[in-house]
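Biologist: I would like to learn how to read a model feature by feature. Could you take me through one?

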Amino acid sequence: MQMENFDQLKNLLSQPKRIVLIPHRNPDGDAIGSTLAMLHYLSKLGHECEIVAPNDFPKFLKWMDGAKKINIGEYNPAKSRILIEKAELIFILDFNSIARIDEVGDWLQRSSAPKVMIDHHQEPEEFDFMYSDVTIPATCQMIYNFIEKMGDLDLIDKTIAECIYTGIMTDTGNFRFRNTSSATHRVVAELLDRGIEIDKINNNVFDTQSPNRLKLLGLALDSMETFPEHRASCMFLSREQQLEFSSQKGDTEGFVNYGLGINDFVFSVIFIEDQQHDYIKISFRSKGNFDVNTFARKHFNGGGHINAAGGRSELSKEETLAKFRALLNDYQEELKAVEI
Ligand code: 5GP
Ligand code: MN
């Protein structure tokens, strides 16, 4: 684990502190897993910890120990702001850019507390303490490395192990993505030795869907447009369709992956009209060396990783889709050349 001023941080952590942990907006399994794992670990060290998430997170993550006590900035701004104001140390987990947490970012910038970033996304902003590694598939794996560097592996109990496992499992697509390494599996082996029940975790995360979610998936698949000469596909879900099936936060998670299941296709995109804001949220997935992080960053005000990224469009549905189709032509040669 590489952190320039690690000893200084370790020293800060040697006295009890009020600590706030923050995941990114629209927290996923890795964001919630890493903040909860750190919350449990730091509490064991005697710190007073709270998590402030910018907005709500999916039901399939709420079974995790401590999840119900997470403060949601969007629902409870006054309390969340005060927690950040009073924090003596702030952890920024699974993201690296203040812009990704909206209003919470403004509160964060006003705080003079030292900030610790642990994250695996590209192009991090500057923080007081930084552990950044884009080769690691999940922030949760970095949390394990951090606890190891602190000399506290014996403090990882079943609860912490469950949180770490959930983040690794979800961010590696169940250990399928290329960046899943032997180190990932070694960490998981250690977690298994702490007694985690992987069948239970898988069931809680993947097999608790509502019938409506599957019906919404049906609509998304039905909307799919394929571009065989670009080895790409896209889907679209309107606000009305989501309303019709009372779509909850996280219900559309994973839909985008279906586009990668098409023979020889390497690029899949889903456009989802945001239910609260006037923009279209976009998810990008790719195979091989087609870099959707750069694609999202350049054209859709987003970012992420080489094979999984997100962004948004303020244009109308028609304009957004037209922009995407035109871009596909620009990338045709690059898409054709991808080896899988
Ligand atoms: P998802 O498509 O599941 O929302 O996100 C895929 C990946 O891209 C995740 O690692 C997520 O953190 C990142 N990501 C999603 N949306 C954005 C965005 O608007 N900006 C940036 N920088 N990253 C994003
Ligand atoms: Mn992550």
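Biologist: Let me start with one residue. Is Asp102 buried, exposed or partly exposed, and why?

Modeller: A word first: this is a predicted model. For burial, count the C-beta atoms around a residue. Twenty or more within 10 Å means buried, 12 or fewer means exposed, and in between is partly exposed. Asp102 has 14 C-beta neighbours inside 10 Å, so it counts as partly exposed. Asp102 sits in helix H4, residues 102–110. Its phi is near 50°, a positive value in a residue other than glycine.

Biologist: Where does Ser246 lie, and what is its phi near?

Modeller: Ser246 lies in the loop between helix H10 (239–244) and strand E9 (267–273). Its phi is near 35°, again positive in a residue other than glycine. Ser246 is exposed, because 11 other C-beta atoms lie within 10 Å.

Biologist: Which strands pair with E4?

Modeller: Look for bridges. Strand E1, residues 18–22, pairs with E4 in the parallel sense over 4 bridges. Within that pairing, Ile19 has Leu89 as its bridge partner. Strand E5, residues 115–119, also pairs with E4 in the parallel sense, over 4 bridges. There, Leu93 is partnered by Ile118, and Ile92 stands opposite Met117.

Biologist: What is the order of strands in that sheet?

Modeller: The order is E3-E2-E1-E4-E5-E6. It is an open sheet of 6 strands with parallel pairing. Strand E3 (71–72) and strand E6 (129–132) stand at the edges. Each has a single partner strand, so one side of each is left without a neighbour in the sheet.

Biologist: What is the order in the sheet that holds E7, and what is its pairing?

Modeller: That open sheet also has 6 strands, in the order E7-E8-E9-E10-E12-E11. Its pairing is mixed. Strand E7 (225–227) and E11 are the edge strands, each with a single partner, so one side of each has no neighbour in the sheet. Inside, E8 (residues 232–237) and E9 run parallel and are joined by 6 bridges. Cys234 stands opposite Val269 in E9.

Biologist: Which residues are around ligand 1?

Modeller: Read a ligand shell in steps: members, classes, then the elements that supply them. The residues are His24, Arg100, Ser283, Gly302, Gly303, Gly304, His305, Ala308, Ala309, Gly310, Gly311 and Arg312. By class, that is 2 nonpolar, 8 polar and 2 charged.

Biologist: Which strand gives the most to that shell?

Modeller: E12 does, with 5 residues. E12 spans 308–313. Strand E11 (303–304) also supplies at least two.

Biologist: How far apart do the C-alpha centres of domain 1 and domain 2 lie?

Modeller: Begin with the bounds. The domain assignment gives domain 1 as 6–206 and domain 2 as 211–336. Their C-alpha centres lie 27 Å apart. The contact takes 8 residues from domain 1 and 9 residues from domain 2. On the side of domain 1 that touches domain 2, there are 4 nonpolar, 2 polar and 2 charged residues.

Biologist: Which residues do the UniProt domain annotations cover?

Modeller: Treat a record as a record. The unreviewed UniProt entry annotates "domain: DDH" over residues 18–168. In the model, that stretch is 38% helix and 18% strand, with end C-alpha atoms 27 Å apart. The unreviewed entry also annotates "domain: DHHA1" over residues 249–332. There the chain is 27% helix and 26% strand, and the end C-alpha atoms are 34 Å apart.

Definitions and conventions. Residues are numbered from 1 along each chain as its sequence is written. Chains are lettered from A and ligands numbered from 1 in the order in which they are written. This is a predicted model: local features need pLDDT of at least 70, side-chain atom pairs count only at pLDDT 80 or more; totals for chains, interfaces and linings use all residues. UniProt positions are given in the numbering used here, feature names are shortened, and annotations may be inferred rather than shown by experiment. A residue is near a molecule or strand if its C-beta atom, placed from the backbone, lies within 6 Å of it. Ala, Val, Leu, Ile, Met, Phe, Trp, Tyr, Cys and Pro count as nonpolar, Asp, Glu, Lys and Arg as charged, and the others, Gly among them, as polar. Domain bounds come from an automatic or database domain assignment. Two residues are in contact if their C-beta atoms, placed from the backbone, lie within 7 Å. Two strands pair if DSSP finds at least two bridges between them.
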